[in-house]
Amino acid sequence: GYWRNDSLVFIGKSGPVYGYNNALNNYKKSYPDTASMGKLRFEVISVKKLSKAYYFVTGKWFLNKTAGNVKGIYTLLFRKINTEWKIVVDHSS
């Protein structure tokens, strides 16, 4: 669901990363194999319509891994591009 564009913004513990390819490369570095990925689960807290083209989503994420579980909060900005909803900003902490 991420926007495959250089204008995508992913904000994590190391700060903002711009562009789909940069965000994907960071993800692959952090989770090089299925063991390090663990099992990810999401809980949606709220969904707010900002306009016909934008939604703002807030939630919690939970990552269960062999090395220990971690959790956090996320906010997503969805934008309708053509006929598809895409994540254009992801802030996960």
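Which residues lie nearest the centre of the largest pocket? In this predicted model, they are F10, Y27, S30, Y31 and S92, out of 28 lining residues. Residues are numbered from 1 along each chain as its sequence is written, and side-chain values use heavy atoms, with hydrogens and water left out. Because the model is predicted, local features need pLDDT of at least 70 and side-chain atom pairs count only at pLDDT 80 or more, while totals for chains, interfaces and linings use all residues.

First, the overall layout. Along the sequence they follow the pattern β-β-α-α-β-β-β-β. The C-alpha atoms fill a box of roughly 40 × 30 × 25 Å along the principal axes. Of the 93 residues, 26% count as buried, which means under 20% relative accessible area; exposed is over 50%, and partly exposed is in between (1.4 Å probe, protein chains only).

Now for the pocket. Rolling a probe the size of a water molecule over the atoms shows where empty space is left. On a 1 Å grid over the protein atoms alone, a pocket is an open set of points where a 1.4 Å probe fits, with protein on both sides within 12 Å along at least five of seven lines; lining residues have an atom within 4 Å of a point. The largest pocket has a volume of about 1100 Å³, taken as the space filled by probe spheres set on the points. Helix α1 gives the most to the lining, six residues. The lining divides into 18 nonpolar, seven polar and three charged residues, where Ala, Val, Leu, Ile, Met, Phe, Trp, Tyr, Cys and Pro are nonpolar, Asp, Glu, Lys and Arg are charged, and the others, Gly among them, are polar.

Beyond its neighbours within four places in sequence, S92 is in contact (heavy atoms within 4.5 Å) with residues including F10, W61 and Y74.

Finally, one salt bridge turns up in the whole structure, meaning a side-chain nitrogen of Lys or Arg within 4 Å of a carboxyl oxygen of Asp or Glu. E84 and K86 form it, with their closest N and O atoms 3.6 Å apart.

Conventions. Helices (H or I, at least four residues) and strands (E, at least two) are DSSP runs, numbered from the N terminus.
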